[in-house]
Amino acid sequence: MWTEHGKANPNVGGSRMRVAVFTDIHGNVDALRRILSSIRKNKIDKTIFLGDVFFRGDNVKECIDLLIEENIICIAGNCELYFQKGVEIDPDVIKDKDYYDQMRCMLPGKYVEWVKHLDKEILIQANGHKIYLAHFLMQDRELSYPYYPLASLTDGSFDRTIMENPYDLMIFGHSHQKFVKGNVISVPAAGLEQPEYLIVNIDDEVNYEFVK
């Protein structure tokens, strides 16, 4: 049985709404600048980052500064949870403990506070439609590590869980893959491949397109 979750955005009434969504920038500030530059040209009402600003790239601080400066709505990804709570919440990433310990020492307190106050999910309600966004599908949002394992994409548990969900769209990142399963969209990692993001148009109907 589905129970609706997510910090709700105000219903914007009858006006058309355009939402840009990108994810998994992983410290690649050049990719982030390219995506934000493209978004500015597309008359977007809201821009949402689905998380994972940490790991791999060398410009995490610069990425966070830019997300804050551009007033981007940000969701915590698993990398933000590792930074905040420690890699012990996910045995698969114990090998990365030194990286996150180092990042906590390097980044000033305001960045720690920024991560601490990120929500894990958002629900957009507009024109009678409901769009749910999170870093990945959650099996228990109360857990320190709430997400299904990536193996759920191949063992059938992801597909079974998303059946008959109550949303017009569910949008995730995390897997670094681009795919569509019914009304569920996975946005590819912007910081690892060619920068790409999603635009969702919410009017009488809901439609979307990927933009490079």
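What percentage of the 212 residues in the protein chain do buried residues make up? I began my notebook with this, and I found that buried residues account for 52% of the 212 residues. I keep in mind throughout that I am reading a predicted model.

**Entry 1: the whole chain**

I looked up the secondary structure next, and the protein chain holds seven helices and eleven strands. Its radius of gyration is 17 Å, close to the 17 Å that the globule rule gives for 212 residues, so the chain is as compact as a globular protein of that length. Taken along the principal axes, the box that the C-alpha atoms fill is roughly 50 × 40 × 30 Å. For the surface I noted an accessible area of about 10200 Å², and carbon and sulfur atoms own 47% of this. I also looked at contacts between residues with a separation of 6 or more, and I wrote down that 69% of them join residues 24 or more positions apart.

**Entry 2: the sheet around E2**

I then turned to an open sheet of five strands, whose order is E4-E3-E2-E10-E11 and whose pairing is mixed. Its edge strands are E4, at residues 73–74, and E11, at residues 206–211, each of which pairs on one side only. I reminded myself that strands of a sheet pair through backbone hydrogen bonds, either parallel or antiparallel.

Which sense of pairing joins E2 to E3, parallel or antiparallel? I found that strand E2 (residues 17–22) and strand E3 (residues 46–49) pair in the parallel sense, over four bridges. Within this pairing, Ala20 stands opposite Thr47 in E3. With strand E10 (residues 197–202), however, E2 pairs in the antiparallel sense over five bridges, and there Met17 has Ile202 of E10 as its bridge partner.

I wanted to know how many of the six residues of E2 are buried. The count came to six of six, and E2 is thus noted as mostly covered.

Helix H3 spans residues 78–85, and six of its eight residues are buried. I listed these buried residues as Asn78, Cys79, Glu80, Leu81, Tyr82 and Phe83. Their cover includes H4 and helix H5 (109–116). Just after H3, I came upon Gly86, which takes a positive phi of about 95°.

Further along I stopped at Asp90, which is placed in the loop between H3 and helix H4 (97–106).

Is Phe55 buried or partly exposed? Its relative accessibility is 22%, so it counts as partly exposed, because buried means under 20%.

Glu164 also has a positive phi, in this case near 55°, and its place is the loop between helix H7 (157–162) and strand E7 (169–172). With a relative accessibility of 74%, Glu164 counts as exposed.

**Entry 3: Lys212**

I ended with Lys212, which is found in the segment after E11. This residue is exposed, because its relative accessible area is 62% and the cut-off for exposed is over 50%. Which residues does Lys212 touch, if those up to four places away in sequence are not counted? I found Gln194, Pro195 and Glu196. I also noted the separation of Lys212 and Leu198, which are 14 residues apart in sequence and 8.9 Å apart in space, taken from C-alpha to C-alpha.

Technical notes
Residues numbered from 1 in each chain as written. Predicted model: local features only at pLDDT ≥ 70, side-chain atom pairs only at ≥ 80, totals over all residues. Heavy atoms only, no water. Helix = DSSP H or I, 4+ residues; strand = E, 2+ residues; numbered from the N terminus. Pairing = 2+ DSSP bridges. Buried < 20%, exposed > 50% of the residue type's maximum accessible area, 1.4 Å probe, protein only. Contact = heavy atoms within 4.5 Å. Rg over C-alpha atoms; globule rule 2.2 N^0.38 Å. Areas by Shrake-Rupley, 256 points an atom, 1.4 Å probe, with all protein chains shown as cover.
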